[in-house]
Amino acid sequence: MRGQPAMTRLDDALATLGPIAPRNLSRRAGLLAGFGGGLLLAIGVPPQPARAQAMGGIAHARKVSAYLTIQPDGRIRLLNPFAEGGQGIHTAVAQIVAEELDADLAAFEVTTAPAGADYQVLFNGTRRVTGGSFSIRNSFQHFRVLGATARAMLVTAGAARLGVPAADITTEPGFVLHAASARRIPYGDLAAAAAALPVPGDAEPKSPARFRLIGTPARRLDTRAKSTGAAQYGIDMRVEGMLQGAILHAPRAGAEPGEVLNEAALKAMPGVHSVHRLPGAVAVLADSFWRARRAVEAAEVAWTALSGQPVVPEDFSSDGMREALRAQADAPGNPARDAQGDAPAALRSAAKVITADYDAPYLAHAQLEPPSATVRFNADGTLDVWTPNQAPEAFQAIAAREAALDAGRVRIHSPLMGGFFGRHFTYGQYHPMNQAIRLARAVDRPVKVIWSREEEFARDAYRPMGFARLRAGLDSEGRLVALHATVPGEGPVAKHFGGARLGNPPLDTSAVEGVAFKPYAIPNRRVDWAHVPHPVNVGFWRSVGHSMNDFFYEAFLDEVAEAAGADPLAFRRAHLEASPRHQALLDAVVDLAGGWRRGPFAAADGTRRARGLAMASPFGTEVATIAEVSLRDGEAVVHDLFVAIDPGSIVNPAIIAAQVESAACIGLSSAAFEEVVFEGGRPQQRNFDTYRILTRAEMPKVHVRIVQSGAPMGGVGEPGTPGVPPAVANAIAVLTGRRVRSLPFARNRLGEA
Amino acid sequence: MVEISVNGATRRVDVEGDTPLLWVLRDTLGLTGTKYGCGVAQCGACTVLIEGAAMRSCQLPVESVAGQRITTIEAIEADPVGARLVAAWVALDVPQCGYCQSGQLMAATALLKETPQPAEADIAAAMTNLCRCGTYNMIAAGIRQAADAA
């Protein structure tokens with residue numbers, strides 16, 4: 001077992017947020033009465049940033065009964081603080097517990113834990129979210145101690161049952177064993193007795209040298225349910241007596257519904273129960289979703305004056321926003337913390353200066369399951385909520401405020417998520433849960449609200465548009481002596497946590513990560529952040545700022561290498577001389593790819609190909625990516641992606657490989673095709689017919705090599721994403737002789753050099 | 001009232017005739033394994049078999065399939081081809097979030113019933129459903145494994 005993982009930049013940002021402080025919520029309730037709004041995580045803010053705070057901790061690791069139930073039949077129920085949305089966290093957490101408990105992984109049934117203090121496994125036992133690629137790296141020790149403690153209790157109970165000293169007892173998966181008398185007892189027979197014992201405070205996890213499960217490609221627990229239609233997602237929820245709600249949001253965020261002009265006609269439609277005005281939306285309740293949707297889409301609504309909620313201006317466009325960002329590209333900003341030397345001065349004296357502007361568009365999460373929420377007010381004064389979420393306590397607080405209940409009366413159920421990628425935090429006032437609570441109150445029945453795909457794309461919290469101006473200085477030897485970048489814009493941290501929480505001087509790490517915090521040895525470097533707010537809602541999207549910033553930086557780095565007359569791989573190596581970890585990672589990716597060849601070269605199939613390279617350092621993990629690309633019909637064809645990933649140490653290599661392939665896919669999809677365009681304050685892409693995502697036809701082969709350097713454990717869910725856009729862009733530049741500096745690639749027809 | 005045949009059983013459903021089959025399956029019959037993703041026949045999460053052919057049920061008026069044989073994911077293992085595919089999916093841990101996989105499996109079932117030993121091009125042509133988790137390569141591997149198991 002290693003020490004506490006080092007904090008990364010996003011960790012830093014979230015660490016400043018501190019523990020949940022419900023009193024702040026109640027104080028704010030007066031201000032935000034009505035459509036409970038919101039702060040992303042609905043958390044209080046301590047007066048002092050708590051950056052030194054441990055990320056994980058074992059504060060709750062001995063609360064065995066809060067997490068584990070071993071049934072008489074040997075099945076083991078585990079409540080996981082984290083939510084499962086495809087990343088394999090239910091399996092990986094069970095794998096850790098099974099290791100230390102000495103149980104069969106297949107015996108586990110894992111569900112997401114309800115809201116509650118016992119499940120705050122992050123930030124030294126004070127908070128939890130499923131995000132930031134936090135989960136395993138920050139709960140590894142917690143779950144080891146938990147499993148070891150439960151095992152110790154079973155051993156004690158077994159010794160008592162057999163009348164032998166505990167020291168003579170061992171275990172094998174699922175059994176307590178007394179070898180001397182060849183007797184064994186199934187855990188299921190001992191669970192009740194074990195649960196009645198005092199919880200030992202000193203049970204130690206086993207030595208990693210004795211791991212039998214951790215580090216193996218153990219099978220996932222939920223595959224069969226997901227392969228037979230049996231898996232239940234939030235959208236599948238059904239409760240007795242419920243009505244179904246369909247929503248029509250205002251054409252532009254901020255408008256409010258006045259009169260529904262044809263309300264009587266809507267009410268006369270088949271199955272329609274009632275028509276409702278909600279903040280920023282109209283809803284129809286009916287006995288089925290289709291009937292509700294058909295009615296709400298027929299609604300003729302007089303949208304009226306803008307509310308006090310955030311408003312998207314009528315003349316807002318993404319083209320205009322890009323220019324607004326560009327206008328601040330030379331503005332003085334606040335420097336990221338890794339600044340050193342004097343980059344502006346070094347640029348003035350450099351032998352050669354290279355400058356370029358890069359940008360990337362707004363993106364939709366486009367998780368395949370549209371958002372939904374099912375709510376039921378119960379006769380005992382409690383409220384049940386089923387909704388996909390990455391933060392049960394935040395949703396509980398918001399639901400309580402919306403329903404005017406004490407939080408303790410709100411039960412948050414966190415079903416399997418049909419993809420999330422950052423979508424299921426609470427990003428503000430428009431959410432199916434808030435809407436369903438209002439509607440259920442109004443009609444005194446349970447309600448399920450589903451957002452149609454069109455409504456989802458219209459009210460997503462988008463990956464922000466990004467922009468960077470990069471300036472590099474080379475000395476006469478072709479070494480990089482200065483890098484000064486300006487990143488005007490706003491990430492989800494500044495958007496949802498507010499300026500007061502960005503430190504002093506204020507810095508939105510979620511806006512600059514991937515341009516800042518790069519590993520290259522550059523004596524003079526500075527990344528400035530200039531705050532330019534987005535009028536539209538923005539949120540966390542797989543790998544957050546890295547999703548575009550590593551594209552800006554690593555594509556620019558290839559430009560700089562070219563100006564220096566250097567090969568991109570050699571140029572990177574030359575600026576990583578002092579970092580064996582990065583050199584080893586480059587060795588690994590080059591080996592995985594069968595050697596480095598930039599190209600262009602003729603492939604066996606007759607295509608003309610090139611390779612591009614990029615590095616990224618997201619979420620405590622290091623990644624090197626090589627893309628092999630050709631051109632066809634003006635588009636890039638990506639044949640192979642080679643990804644070497646070093647998360648320090650690992651739990652399940654099969655899940656990591658799957659996550660890297662998944663992350664690489666969404667990275668390529670975003671770089672190649674994806675873009676939400678705003679015109680007239682409205683998003684133009686409302687469904688998959690206009691929001692193109694990567695299909696099977698464009699899916700490259702993805703080759704993954706996991707490197708375990710022994711560095712503190714890093715994240716695995718997101719790090720595969722950021723290297724792909726620049727690796728592909730760098731290969732495209734070789735083939736076309738032209739730099740793509742604006743994403744997506746599909747915006748321009750790519751031609752051969 | 002429309003009469004349809006779902007997974008071998010005749011069902012009478014009291015809905016408007018132009019209701020998409022998807023919502024009849026999900027809301028009226030409680031067969032929620034068939035998923036809603038886009039509603040415009042783009043993503044394929046709603047794919048079912050109509051007389052053995054893969055169809056996107058979000059754009060199929062229920063009256064248009066009256067009297068035809070409808071198969072959903074809930075009955076996939078009743079079909080030997082479907083059962084082999086499920087076995088391959090399980091063996092390879094194909095799904096991630098899993099939301100698209102019902103549709104993927106129905107499309108794959110239709111493919112293998114038509115083309116028991118598909119070439120790569122056959123898989124590419126038949127498997128057009130979206131997967132946001134990027135399981136496309138694993139899906140293709142699952143199809144090949146199921147084909148080899150036949």
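Reader: In which helix of chain A is Ser139(A) found?

Author: Please bear in mind throughout that this is a predicted model. Ser139(A) belongs to helix 5 of chain A.

Reader: Is Ser139(A) buried or exposed?

Author: Burial is judged by counting surrounding C-beta atoms, and a residue is buried if 20 or more others lie within 10 Å of its own. Ser139(A) has 27 C-beta neighbours inside 10 Å, and therefore counts as buried.

Reader: With which residues is Ser139(A) in contact, leaving aside its neighbours within four places in sequence?

Author: Once those sequence neighbours are set aside, Gly56(A) and Val121(A) are the contacts of Ser139(A). Separation in sequence and separation in space are two further quantities to read together. Between Ser139(A) and Leu483(A) there are 344 residues in sequence and 37 Å in space, taken from C-alpha to C-alpha.

Reader: Which residues have the most contacts inside the largest nonpolar core?

Author: The largest nonpolar core has 286 residues, and those with the most contacts inside it include Ala283(A), Val385(A), Phe552(A) and Ile732(A). Helix 20 (residues 653-672) of chain A supplies the largest share of this core, 12 residues. To take one member, Phe552(A) is in contact with Tyr358(A), Ala468(A), Leu470(A) and Val515(A), apart from neighbours within four places in sequence.

Reader: Let us turn to chain B. How many helices and strands are there in chain B?

Author: Chain B contains five helices and five strands. Their order along the sequence is β-β-α-β-β-β-α-α-α-α.

Reader: Why does the radius of gyration of chain B agree with that of a compact globule?

Author: A compact globule of 150 residues would have a radius of gyration near 15 Å, and chain B agrees because its own value is 15 Å. Its C-alpha atoms fill a box of roughly 45 × 30 × 25 Å along the principal axes. Of the 150 residues in chain B, 59% are buried.

Reader: How is chain B divided into domains, and what joins them in contact?

Author: Chain B has domain 1 (2-74) and domain 2 (76-149). Between them, 14 residues of domain 1 of chain B are in contact with 14 residues of domain 2 of chain B. Strand 3 of chain B gives the most to the domain 1 side, with three residues.

Reader: Finally, how many residues of chain B are in contact with chain A?

Author: The contact involves 43 residues of chain B and 46 residues of chain A. The elements giving two or more residues to the chain B side are helix 1 (21-28), helix 2 (80-92), helix 3 (101-114) and helix 5 (136-149) of chain B. That side divides into 22 nonpolar, 15 polar and six charged residues.

Terms used. Residues are numbered from 1 along each chain as its sequence is written. Chains are lettered from A and ligands numbered from 1 in the order in which they are written. This is a predicted model: local features need pLDDT of at least 70, side-chain atom pairs count only at pLDDT 80 or more; totals for chains, interfaces and linings use all residues. Two residues are in contact if their C-beta atoms, placed from the backbone, lie within 7 Å. Helices (H or I, at least four residues) and strands (E, at least two) are DSSP runs, numbered from the N terminus. Ala, Val, Leu, Ile, Met, Phe, Trp, Tyr, Cys and Pro count as nonpolar, Asp, Glu, Lys and Arg as charged, and the others, Gly among them, as polar. A nonpolar core is a set of buried Ala, Val, Leu, Ile, Met, Phe, Trp, Tyr and Cys residues joined through C-beta atoms within 7 Å. A residue is buried if 20 or more other C-beta atoms lie within 10 Å of its own, exposed if 12 or fewer, and partly exposed in between; C-beta atoms are placed from the backbone. Domain bounds come from an automatic or database domain assignment. The radius of gyration is taken over C-alpha atoms; the globule rule is 2.2 Å times the number of residues to the power 0.38.
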